[in-house]
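Open the model in your viewer and keep the sequence panel beside it. This tour tells you what to select, stop by stop.

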Amino acid sequence: MNPCLEKLRDLFDRHGAHYELVAHPTAYTAQEAAQAAHVPGHEFCKSVVVYIDGKPGMLVLPAPHVVSIAAVRDALGARDVRLATEKEMAELFPDCDVGAQPPFGGPWRLPVYVDSGLLDAKEVVFEAGLHTQAVMMPLQDYLKVASPRVLDFAREPAQPSPPV
């Protein structure tokens, strides 16, 4: 039983959202989960919990990208933005495996910020509380349910320099 997934189903049903469950082998990163679920990385969302001027929030971006803390800080006019610790994530999302929280505000109704790069996707896929379960959903239904604010904060990861 996955209590997080049960809460998600209730949320989706209340909003009339279409969704499909996707079981996949255990994966601990969003990029691994995208590969395990046979989904393109740009359609697999990862949820990054941050603290913005001391208050928790959630950033949602394509799996292959990384968060630009400076871009988040600038877009929100914040003084301080930092990643949440694993302990803080466990407290905020007690029904989810750490790192497998879905891209919604959860019981704390955290503000959700979606990177503009996700708006090109027709469908999005995201973890459903466990490192073995994901949800596939039309992007428009996700936006309707999550009511996120759209920002531009995702960046391509820095590539290591080739050996000399």
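Leaving aside its neighbours within four places in sequence, which residues is Pro138 in contact with? Select His18, Lys122 and Glu123: Pro138 is in contact with these (contact means heavy atoms within 4.5 Å).

Before moving on, note that this is a predicted model, where local features need pLDDT of at least 70, side-chain atom pairs count only at pLDDT 80 or more, and totals for chains, interfaces and linings use all residues. Residues are numbered from 1 along each chain as its sequence is written, and side-chain values use heavy atoms, with hydrogens and water left out.

Stay on Pro138. It sits in strand 8, residues 133-138 (helices, H or I of at least four residues, and strands, E of at least two, are DSSP runs numbered from the N terminus). Pro138 is partly exposed, at 28% relative accessibility (buried is under 20% relative accessible area, exposed over 50%, partly exposed in between, with a 1.4 Å probe and protein chains only).

Next, the salt bridges. There are six (each a side-chain nitrogen of Lys or Arg within 4 Å of a carboxyl oxygen of Asp or Glu).

Select Lys7 and Asp95. Their closest N and O atoms are 2.2 Å apart. Lys7 lies in helix 1 and Asp95 in the loop between helix 4 and strand 6, so the pair ties together parts 88 residues apart in sequence. Lys7 is exposed at 52%; Asp95 is partly exposed at 27%.

Finish with Lys144 and Asp141, a salt bridge at 4.0 Å. Both are in helix 5, separated by about one helical turn. Asp141 is buried at 11%, while Lys144 is partly exposed at 39%.
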